[in-house]
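Please consider the structure shown below together with its sequence. The paragraphs that follow lead through its features in turn.

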Amino acid sequence: MKPSRAVWILGIALVGLIILLAPVPAFAQSCALCYTQAASSGSRMIQALKSGIIILIAPPTFMSLGVIVVCYRRRNKTRDDAAESDHEWKNDDSSQDPSRFSPDDPQD
């Protein structure tokens, strides 16, 4: 018994809703050292910390987006290559070549 597509979509939507409604502190690491450093520092240090967070988040985000774009642009290439190779396989007439070795033939 195979679940229908609607059931899968409903399940994914339900999991997404649960994740969105879960409290944010449940996902936080709550690094005590980072918290005490930020709380005891001045406005320049807080701004530097915010800039550092953005600098550390930006490269992985752009790399992930780049991989997604490349996969999206090449999504049909593998399908086209597979279709061509299947077409060549079906039209291969070498199986009727009498010079090919057959396992039923005695070997010399």
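Over the ring of which residue does the charged end of Arg75 sit? In this predicted model, the ring belongs to Tyr72, and the charged end of Arg75 lies 4.1 Å from its centre. Pairs between aromatic rings are another matter: with ring centres required to lie within 6.5 Å of each other, the count of aromatic pairs is zero.

The overall fold may be described next. The chain contains four helices and zero strands, and its pattern along the sequence reads α-α-α-α.

Helix α1 covers residues 5-21, a run of 17 residues. From its first C-alpha to its last it reaches 24 Å, close to the 24 Å expected at 1.5 Å a residue.

Helix α3 takes in residues 43-73. Its 31 residues should span 45 Å at 1.5 Å a residue, and this agrees with the 45 Å between its end C-alpha atoms. Within α3 there is a kink of about 25 degrees at Ala58, shortly before the proline Pro59.

Of its 108 residues, 0% are buried, where buried means under 20% relative accessible area. The chain exposes about 10,700 Å², of which carbon and sulfur atoms supply 65%.

Finally, the confidence of the prediction should be kept in view. The mean pLDDT of the chain is 76, and 61% of the residues reach 70 or more. Confidence is highest in α3, at a mean of 89, and lowest in helix α4 (residues 75-90), at a mean of 66.

Technical notes. Residues numbered from 1 in each chain as written. Predicted model: local features only at pLDDT ≥ 70, side-chain atom pairs only at ≥ 80, totals over all residues. Heavy atoms only, no water. Phe/Tyr/Trp six-rings, centres within 6.5 Å; stacked < 30°, edge-to-face > 60°. Lys NZ or Arg CZ within 6 Å of the ring centre and 35° of its normal. Helix = DSSP H or I, 4+ residues; strand = E, 2+ residues; numbered from the N terminus. Expected span 1.5 Å × (residues − 1). Bend = angle between axes of the 7 residues up to and from the residue. pLDDT = per-residue confidence, 0-100. Buried < 20%, exposed > 50% of the residue type's maximum accessible area, 1.4 Å probe, protein only. Areas by Shrake-Rupley, 256 points an atom, 1.4 Å probe, with all protein chains shown as cover.
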